[in-house]
Amino acid sequence: MILLKNAEEIERIRSAGKFAMEVLTELGRHVKEGVRTSDLEAVCEEMIGKRDDIEAAFKGYNGYPYCLCVSVNDEVVHGMPSDGRFLKEGDIVSLDFGAIYRGYYGDAALTYPVGKISEKASRLVTVTKESLYKGIDEVREGARLHDVSSAIQSFVEAEGFSVVREFVGHGVGRNLHEEPQIPNFGVKGTGVRLKKGMVLAIEPMINEGGSDVVIRENGWTAATRDGRLSAHFEHTVALTDKGTEILSAL
Ligand code: MF3
Ligand code: CO
């Protein structure tokens, strides 16, 4: 069942989503050559510690042990912060962070370059970010859910990249993952009708090469099977009386 949210609930999700983007923005100032991925986790912990009304959404979720997911290069999602992993020039690093404000979740992700990156990597990051906005553009009353999915897929594939199938976007609210699932591929004109009160976490995960992923030995981290790059952007979006609002935008 898709839970529709009232204005008060959306207000809380907005507070959570904005905090998530504040954290991701601050992390952008720390992403540079020589930084450990665990240093980024420490920044998150510190920012959460300063707020008594905010909790980390991912820590403890299905046993995930950190606040932040840090997925470098061929890692798609759910990369774990590590003392042994140093960022180096030319890497791309996807950061995914969720927060809880008064019982409601906000979820966001973005991909940063580390120093100067290749032309191809840069194009992957730009296309992935643009694909998120192509999806968000389809969110309107009466549209179908897979209009969002299809817009992302067709844009990405026309650019010569591929869409990850194993992970999808999701409804978000009192829980991190609610119905509906939002694939980043699909057939326009199908899927549930979008209604006021829906809050959706749209999150394209896009690969430079093939769409296949493997799960690493830690049981969490997904990486591309072919070892080529992957990028990820995510926003929490609401459909309200006033139209579509990106709740995780600053
Ligand atoms: N943004 C991701 C998602 O929506 C992050 C989940 S990580 C987890 O699925 F650790 F919480 F599972
Ligand atoms: Co999400």
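How are the donor residues of the cobalt ion (ligand 2) spaced in sequence? The spacing is D-x62-H-x32-E-x30-E.

This is a predicted model, in which local features need pLDDT of at least 70 and side-chain atom pairs count only at pLDDT 80 or more, while totals for chains, interfaces and linings use all residues. Residues are numbered from 1 along each chain as its sequence is written, chains are lettered from A and ligands numbered from 1 in the order in which they are written, and side-chain values use heavy atoms, without hydrogens and water.

The cobalt ion (ligand 2) is coordinated at 2.0 to 2.2 Å by the residues below. Donors are N, O and S atoms within 2.8 Å of the metal (3.2 Å for Na, K and Ca); water is not among the atoms, so sites may look incomplete.

| Residue | Donor atom | Range for the site |
|---|---|---|
| Asp107 | OD | 2.0 to 2.2 Å |
| His170 | NE2 | 2.0 to 2.2 Å |
| Glu203 | OE | 2.0 to 2.2 Å |
| Glu234 | OE | 2.0 to 2.2 Å |

His170 lies in strand 7 (residues 169–171) and Glu234 in the loop between strand 13 (230–232) and strand 14 (235–240), so the pair, 64 residues apart, links distant parts of the chain. Strands are DSSP runs (E, at least two residues), numbered from the N terminus.

Two backbone features remain. Glu179 and Pro180 are joined by a cis peptide bond with omega about 0°; Pro180 is in strand 8 (residues 178–182). Asn73, in the loop between strand 2 (68–72) and strand 3 (75–77), has a positive phi near 55° and is not glycine. Most residues other than glycine have a negative phi, and most peptide bonds are trans.

Definitions and conventions. Helix = DSSP H or I, 4+ residues; strand = E, 2+ residues; numbered from the N terminus.
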